[in-house]
Amino acid sequence: MNITDMTAVQLSAAIRAGETTAVEAAEAVLAKIEEEDKKYNCYVTVDREGALAQAKKVQAQIEAGELTGPLAGVPVALKDNLCTEGLLTTCSSKILHNFVPTYTAEAVKNLVRAGAVILGKTNMDEFAMGSTTETSAYGPTKNPRNTDHVPGGSSGGSAAAVAAGECVYAIGSDTGGSIRQPASYCGVVGMKPTYGTVSRYGLIAYGSSLDQIGPLAKDVTDCATVLEALASHDRKDSTSIARDDTNFTAALTEDVKGLRIGIPNDYLGEGLDDEVKEAVLQAAKVLEEKGAVVERFDLSLVEYAIPAYYTIAAAEASSNLERFDGIKYGYRTEEYAGLHNMYKKSRSEGFGEEVKRRIMLGSFVLSSGYYDAYYLKALKVKALIKKAFDEAFAKYDIILGPVAPTTAPKLGESLADPIRMYLGDIYTIAVNLAGLPGISVPCGQDSKGLPVGLQLIGDCFQEKKLIRAAYSYEQEVCRHE
Amino acid sequence: MANVISDETIEYVGILAKLELSDKEKEQAKSDMGRMLDYIDKLGELDTTDVEPMSHVFPVQNVFREDVVTNGDDREKLLSNAPQEKDGMFMVPRTFD
């Protein structure tokens, strides 16, 4: 029995059966981190003492029969933009280098209630702005499948930690693809639920109308199990939705007969790597052979999603990041002349380049004289994009396509040309604009041995269809391996 | 580049964003923002005459609750994050004379 190879569901069963304990599990994963993380830099903070203390407590509760669920005693890694009481939370930014939250994010509380053991906080693009985890103030994370390549981003540390066995599962956040794309690059399963399904209370905001928390896991079963634990209605998040259908594990059945799957022609066009395309179409064929009805169609408006997204996300970011001013927490500059100079210097020294770029753009598109032409225009295009998806989901249960146009790029190749990097988000970004759920499932690798991800997109509140299709695909592929 | 960002615009945006950029950063910001706006101008190709701007994908209403304190006194914990504090308060530079 090798603990670091086990899924969460397998590990919790072994703990319940007395084959191992929560403490042994935490120790095994902490040892793996100790041994491997110098190579990958998945973590900003490892909380060894806290994890072992929590594991001991959880083990007692399991033995007392108080904790019986599938996450009890299982070690988890949290993206470093989720507030954790008493544990450093940096957003991978210098401006929060010393920030210790006084409360815990609601989604994390839900995991703790389920018996999770928190290992530490994972590296990310600074304030979740980036697609490679290279904009972190604490150095880049490397892809465990090939350390010359990026793990993707912004939840790159979380995806890499799952791939490297440095946690059993991890939590990320997805504003424009930040769970699905790193999951794809690292060969793990990642899911962004419908907007409003998981409370954002305690998630340090980037683009509030787009941000959602979700799981990164070793398989679809864990992914559904973790999402079920994360989801809750929370009065502290005014956009939280009261759902009575969050028993996502009920959808872990192998059945896609009659499921209508649409592949947008616009997702297979120019810019898509041939090997990625082939792997994705092969996956579609697997689902078709299992009884799904697969068709091609025109989604339309795909090329407008990125400019609309960057306008809206930058606008929201410029407003959300105003709170970092060197007064109540975080970095304050050494020397200054008066209050305003202190604000300006603290922010300019505390934020990295990409964050400043987006704050500048966001401030501009919201400024008087430009608000209508840029920000309002983007919100109108968002309405059109939502309508295009509504029309697609009148015909199909699921939209299928790639997660990203290529496999993981090499380290150091992306940041020089921001617009080119933004174009890599073309297949994931519209999902956030329309509030839809999306899942990334590994579907093979390219000739360099880098993982390819299959993306399944559902209509709002249709996570179960995605889980059912993803699970069916995964089971079929497992049988052939 | 169709969008040429002037020095005045960058100064003004810097004030709105509360960022102090070096001369080199300003030049970079001018070019970056110009390129991004050229790219965003693509949205102009779409006719949105009768389209309502969508800020939220679901119909949302105000969420009300009773104004009751539910958390405890976190003053000490909160102040422990402050760059400077004095007598149980955040310390800030002098704001008026």
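## Where chain A meets chain B

Put together, chain B and chain A bury about 5,300 Å² between them, and 69% of that is on carbon and sulfur atoms. Keep in mind that this is a predicted model. On the chain B side, 53 residues are in contact with 66 residues of chain A.

So what holds charge across this boundary? There are 4 salt bridges across the interface of chain B and chain A. In one salt bridge, the side chains of Arg357(A) and Asp32(B) meet at 2.9 Å, N to O. Polar contacts link 18 residue pairs between chain B and chain A, counting pairs with both residues at pLDDT 80 or more. Helix 2 of chain B gives the most to the side that touches chain A, with 9 residues.

Now for the inside. The largest nonpolar core has 183 residues, and Leu111(A), Phe127(A), Tyr169(A), Ile171(A) and Phe389(A) have the most contacts inside it. Helix 12 of chain A (residues 371-395) supplies the largest share of this core, 12 residues. Take Tyr169(A): leaving out residues up to four places away in sequence, its contacts include Leu71(A), Pro75(A), Leu111(A) and Val226(A).

What about the cysteines? The structure holds 0 disulfides over all chains.

| Cysteine | Nearest cysteine sulfur | Distance |
|---|---|---|
| Cys186(A) | Cys42(A) | 8.0 Å |
| Cys443(A) | Cys478(A) | 14 Å |

A disulfide needs two cysteine sulfur atoms within 2.5 Å. Cys186(A) counts as buried because its relative accessibility is 0%, and Cys443(A) is buried too, with a relative accessible area of 6%.

Note on methods: Residues numbered from 1 in each chain as written. Chains lettered and ligands numbered in written order. Predicted model: local features only at pLDDT ≥ 70, side-chain atom pairs only at ≥ 80, totals over all residues. Heavy atoms only, no water. Buried < 20%, exposed > 50% of the residue type's maximum accessible area, 1.4 Å probe, protein only. Core = buried A, V, L, I, M, F, W, Y, C linked by side-chain atoms within 4.5 Å. Helix = DSSP H or I, 4+ residues; strand = E, 2+ residues; numbered from the N terminus. Contact = heavy atoms within 4.5 Å. Buried area = accessible area lost by both parts, 1.4 Å probe. Polar contact = N/O pair within 3.5 Å; in protein donor to acceptor, adjacent residues only side chain to side chain.
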